[in-house]
Amino acid sequence: MALAKHDVQPEVCDVAGCSNPAERSFNIKQVSKSSLKLKDEGARQIHLCKEHYREFKKETKTDRSLDQVY
Ligand SMILES: [Zn+2]
């Protein structure tokens, strides 16, 4: 019975220096268009907290396709 608390992976914001809980996730291609600094730039899926999501939206509001989360 080696199964321990391994399945719970808290989603935390992927912006460097931020430890807020993640609100949404985006593809790295979308996030790399913004100026947000990421903890792991090799990740495919980037989680953003509420605060950084707003920042991200502000920077990328000219591109409406970014509203699509999938
Ligand atoms: Zn954040």
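**Ground rules.** I note that this is a predicted model, in which local features need pLDDT of at least 70 and side-chain atom pairs count only at pLDDT 80 or more, while totals for chains, interfaces and linings use all residues. Residues are numbered from 1 along each chain as its sequence is written, and side-chain values use heavy atoms, with hydrogens and water left out.

**Overall layout.** I found 2 helices and 2 strands in the chain, taking helices (H or I, at least four residues) and strands (E, at least two) as DSSP runs numbered from the N terminus. Along the sequence they follow the pattern β-α-β-α. Of the 70 residues in the chain, 30% are buried. I also looked at contacts, meaning heavy atoms within 4.5 Å: among those with a separation of 6 or more, 49% come from residues 24 or more positions apart.

**Zinc site.** I then turned to the zinc ion, which is coordinated by Cys13 (SG), Cys18 (SG), Cys49 (SG) and His52 (ND1), at 1.9 to 2.3 Å. Donors here are N, O and S atoms within 2.8 Å of the metal (3.2 Å for Na, K and Ca), and water is not among the atoms, so sites may look incomplete. In sequence the donor residues are spaced C-x4-C-x30-C-x2-H. Why is the arrangement tetrahedral? The 4 donor atoms subtend angles of 105 to 113° around the zinc ion, and four donors count as tetrahedral if all angles lie between 85 and 135 degrees. Cys13, like Cys18 a zinc donor, is buried, with a relative accessible area of 0%.

**Helix α2.** I went through helix α2 (residues 50-59) and found His52, Tyr53 and Phe56 buried. They cover an arc of only 105° around the axis, which puts them on the same side of α2; the arc is that of the directions from the helix axis to the C-beta atoms. On the other side, Lys50, Glu51, Arg54 and Lys58 are exposed, and for Glu51 the relative accessible area is 53%. The buried residues of α2 pack against β1, α1 and β2.

**Core.** I looked next for a nonpolar core, that is, a set of buried Ala, Val, Leu, Ile, Met, Phe, Trp, Tyr and Cys residues joined through side-chain atoms within 4.5 Å. The largest has 14 residues, and those with the most contacts inside it are Val15, Phe26, Val31, Leu38, Ile46, Leu48 and Phe56. The elements that give two or more residues to this core are α1, β2 and α2.

**Two serines.** I finished with Ser34, which lies in the loop between α1 (28-31) and β2 (45-48) and counts as buried at 10% relative accessibility. A polar atom of the side chain of Ser34 lies 2.8 Å from the backbone oxygen of Val31. Leaving aside residues up to four places away in sequence, Ser34 touches Phe56, Glu59 and Thr60. Ser25, by contrast, is found in strand β1 (residues 24-27), and its C-alpha lies 9.4 Å from that of Glu11, 14 residues apart in sequence.

Note on methods:
Tetrahedral: all angles 85-135°; square planar, octahedral: opposite > 155°, others 65-115°. Buried < 20%, exposed > 50% of the residue type's maximum accessible area, 1.4 Å probe, protein only. Polar contact = N/O pair within 3.5 Å; in protein donor to acceptor, adjacent residues only side chain to side chain.
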